[in-house]
Amino acid sequence: MNKLILTFAVGGLLLYSCGNSTNEKSNNQPEVAEHNDHHHDDESEAIELNNGEKWQVDANMLTHIRNMENDVVSFSKVEQKDYKSISEKLQSNIDLLTSNCTMKGKAHDELHKWLLPYIDLVKELSEAKNETEATKQFENIQISFTTFNQYFQ
């Protein structure tokens, strides 16, 4: 139940952030509201390819995603794991990513299908109660980037 509430709260915050981008025009507000309804109804929906091809992520947003991926790859090679530190780094890039949201349309919707669960994973990593739990959440984050690379470029 808490995960569901957290998912809706993060999703709402993410949609709010996307809707308040400096690149957004006020005439896009109905679209944002439509996205909000979309995510509540279709949260479990699988990510789809773009007619068999990967979705193109805006370069500005992709930079933050690649920064997070590089942080995850680097962290996986470190022997002394500071999960709190990596979760803070990932959250910082999530904040930058959502505040610089410039995507629209189907590519945006498909990215949200990956991003919302990813945000939940980072939140769960930050709240891990022990190293075993943190290790599992970190592994899930690594898997999440595999999924991202299957559907986005």
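A residue is called buried when its relative accessible area is under 20%, exposed when over 50%, and partly exposed in between, using a 1.4 Å probe and protein chains only. By that definition Phe-148 is buried, and so is Phe-152. The model is predicted, so local features need pLDDT of at least 70 and side-chain atom pairs count only at pLDDT 80 or more, whereas totals for chains, interfaces and linings use all residues. Residues are numbered from 1 along each chain as its sequence is written, and side-chain values use heavy atoms, with hydrogens and water left out.

**Overall architecture**

- The protein chain has six helices and zero strands, where helices (H or I, at least four residues) and strands (E, at least two) are DSSP runs numbered from the N terminus.
- Of the 153 residues of the protein chain, 39% count as buried.
- Among contacts (heavy atoms within 4.5 Å) between residues at least 6 apart in sequence, 80% join residues at least 24 apart.
- The protein chain exposes about 8,700 Å², of which carbon and sulfur atoms supply 49%, with areas taken from the Shrake-Rupley method with a 1.4 Å probe and, for residues, only the protein chains shown counting as cover.

**Helix α5**

- The 22 residues of α5 should span 32 Å at 1.5 Å a residue, and its end C-alpha atoms, 31 Å apart, agree with this; the expected span is 1.5 Å times one less than the number of residues.
- A bend of about 25° occurs in α5 at His-112, the bend being the angle between axes fitted to the seven residues ending there and the seven starting there.
- Because 17 of the 22 residues of α5 are buried, this helix is largely enclosed by the rest of the structure.

**Aromatic contacts**

- There are eight aromatic pairs in the structure, rings of Phe, Tyr and Trp (its six-membered ring) being paired if their centres lie within 6.5 Å, with planes under 30 degrees apart counted as stacked, over 60 as edge-to-face and the rest as tilted.
- Tyr-118 and Phe-145 form an edge-to-face pair, because their ring centres are 5.2 Å apart and their planes stand at 70°.
- Since Tyr-118 lies in α5 (residues 105–126) and Phe-145 in α6 (residues 131–151), this pair ties together parts that are 27 residues apart in sequence.
- Tyr-118 counts as buried at 0% relative accessibility, and Phe-145 counts as buried at 4%.
- Phe-148 and Phe-152 are stacked, 5.1 Å centre to centre with 20° between the planes.
- One aromatic cluster is formed by Trp-114, Tyr-118, Phe-145, Phe-148 and Phe-152.
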